[in-house]
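Biologist: I would like to learn to read a structure feature by feature. Could you take me through one?

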Amino acid sequence: MMNRSRDAYAFPELPIEPVDAGTNLLLTGPPLVGTQRLLLSMVSGADEREGMLLVSVDEDGVSVIEDYESTGRTFDPGRMRVVDCTEHSPEPTDAVRQVSGPADLTGIGIEFSSLYESLRAGGIERARIGLYSIPTLLAFAEDFRAVYRFLHTITGRIRTADGLGVFAVDPDAIDDEAYATVAQAFDARVEIREREFGAEFRVRGLSDQSDSWHPVG
């Protein structure tokens with residue numbers, strides 16, 4: 001049986017109970033209400049034994065690092081990595097790898113695995129993974145089933161390696177069949193809704209989590 005106190009991922013800055021290692025979460029919400037900011041908060045572990053790997057589909061690696069640091073955190077290239085999937089990437093570095101574009105699912109998978117292994121080789125025991133965002137992958141894919149297979153493979157690797165995955169999607173940006181298919185790759189959801197006084201989120205599908213809505217912040 002899993003030792004939850006040792007293996008669970010904690011979220012000290014968020015009203016989310018610890019989540020078991022190997023869990024993949026689908027973060028659902030519109031793009032302009034703090035969805036990316038919440039994703040970055042969820043994959044920012046305070047434990048220096050944890051790494052972070054961001055798959056950035058919507059903006060280049062430099063911009064996503066700037067977004068990360070705008071949350072008050074420091075990007076540590078010793079334990080943090082970025083796969084830049086845009087078509088207008090700056091020069092690659094040891095911490096930022098490039099692929100030819102969002103349609104290059106094979107290349108994204110190769111760089112993901114390479115950077116994951118580089119973290120482990122550097123002494124990082126496990127990693128939090130963030131992908132932003134799935135609709136862009138779907139927009140560049142010939143068939144949404146190819147994106148599902150890609151997500152199924154990546155989430156499987158995260159599950160096997162006791163990582164934590166947080167993947168963002170705007171359900172209103174894709175059709176119902178595509179959403180229902182890609183959602184099958186995930187264990188639970190973190191839902192965001194927009195209200196007059198600001199955006200809220202809640203966790204669905206995991207035990208030991210509150211059903212209450214919380215401000216995104």
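Biologist: Which side chain does Arg189 meet in a salt bridge?

Modeller: Start with the general idea. Side chains of opposite charge can pair when their charged atoms come close. Here the partner of Arg189 is Glu191, at 2.7 Å from N to O. Keep in mind that this is a predicted model.

Biologist: Which salt bridge links distant parts of the chain?

Modeller: Look at Arg128 and Glu50. Their side chains meet at 2.7 Å, N to O. Arg128 lies in strand β7 (residues 126–132) and Glu50 in strand β4 (residues 50–56), so this pair links positions 78 residues apart. Both ends are buried: Arg128 has a relative accessible area of 2%, and Glu50 has 4%.

Biologist: Which residues are linked with Glu50 in a network of salt bridges?

Modeller: Arg126 and Arg128.

Biologist: Now the rings. How many aromatic pairs does the structure hold?

Modeller: Three. For each pair, read the distance between ring centres and the angle between planes. Over 60 degrees counts as edge-to-face. Phe112 and Tyr116 are such a case, with 5.6 Å centre to centre and 80° between the planes.

Biologist: How are Phe112 and Tyr116 placed in helix α4?

Modeller: Helix α4 spans residues 105–121. Phe112 is buried, with a relative accessible area of 2%. Tyr116 is buried too, at 5%.

Biologist: What about Phe167 and Phe186?

Modeller: That pair is edge-to-face, with 5.2 Å centre to centre and 65° between the planes. Now check the sequence positions. Phe167 sits in strand β8 (residues 164–169), while Phe186 sits in the loop between α7 (176–183) and β9 (188–195). The pair therefore ties together parts that are 19 residues apart in sequence. Phe167 is buried at 1% relative accessible area, and Phe186 counts as buried at 10%.

Biologist: Which rings have an arginine over the face?

Modeller: Two cases are worth a look. Arg193 lies over the face of Trp213, 4.0 Å from the ring centre. Arg145 lies over the face of Phe144, 5.1 Å from the ring centre.

Biologist: On to packing. Which residues have the most contacts inside the largest nonpolar core?

Modeller: Leu38, Leu39 and Met42, in a core of 35 residues. Helix α2 (residues 35–42) gives the largest share of this core, four residues. Apart from this core lies another, of 33 residues, including Tyr116, Leu137, Ile174 and Val182.

Biologist: What does Leu39 touch?

Modeller: Leave out residues up to four places away in sequence. Then Leu39 touches Leu27, Leu54, Gly130, Leu131, Tyr132, Val166 and Ala168.

Biologist: Where does Val190 lie?

Modeller: In strand β9. Val190 counts as buried, at 1% relative accessibility. Beyond four places away in sequence, its contacts include Leu25, Leu38, Met42, Phe201 and Val203. Val190 and Phe167 are 23 residues apart in sequence and 9.7 Å apart in space, C-alpha to C-alpha.

Biologist: Step back to the whole chain. How many helices and strands are there?

Modeller: The protein has seven helices and 11 strands. Next, compare its radius of gyration with a rule for globules. The radius is 16 Å, close to the 17 Å that the globule rule gives for 217 residues, so the protein is as compact as a globular protein of that length. Its C-alpha atoms fill a box of roughly 45 × 40 × 35 Å along the principal axes.

Biologist: What percentage of the 217 residues is buried?

Modeller: Buried residues make up 52%. Then look at contact range. Among contacts between residues at least 6 apart in sequence, 65% join residues at least 24 apart.

Definitions and conventions: Residues are numbered from 1 along each chain as its sequence is written. This is a predicted model: local features need pLDDT of at least 70, side-chain atom pairs count only at pLDDT 80 or more; totals for chains, interfaces and linings use all residues. Side-chain values use heavy atoms; hydrogens and water are left out. Rings of Phe, Tyr and Trp (its six-membered ring) pair if their centres lie within 6.5 Å; planes under 30 degrees apart count as stacked, over 60 as edge-to-face and the rest as tilted. Helices (H or I, at least four residues) and strands (E, at least two) are DSSP runs, numbered from the N terminus. Buried means under 20% relative accessible area, exposed over 50%, partly exposed in between (1.4 Å probe, protein chains only). A charge sits over a ring if NZ of Lys or CZ of Arg is within 6 Å of the ring centre and within 35 degrees of the ring normal. A nonpolar core is a set of buried Ala, Val, Leu, Ile, Met, Phe, Trp, Tyr and Cys residues joined through side-chain atoms within 4.5 Å. Contact means heavy atoms within 4.5 Å. A salt bridge is a side-chain nitrogen of Lys or Arg within 4 Å of a carboxyl oxygen of Asp or Glu. The radius of gyration is taken over C-alpha atoms; the globule rule is 2.2 Å times the number of residues to the power 0.38.
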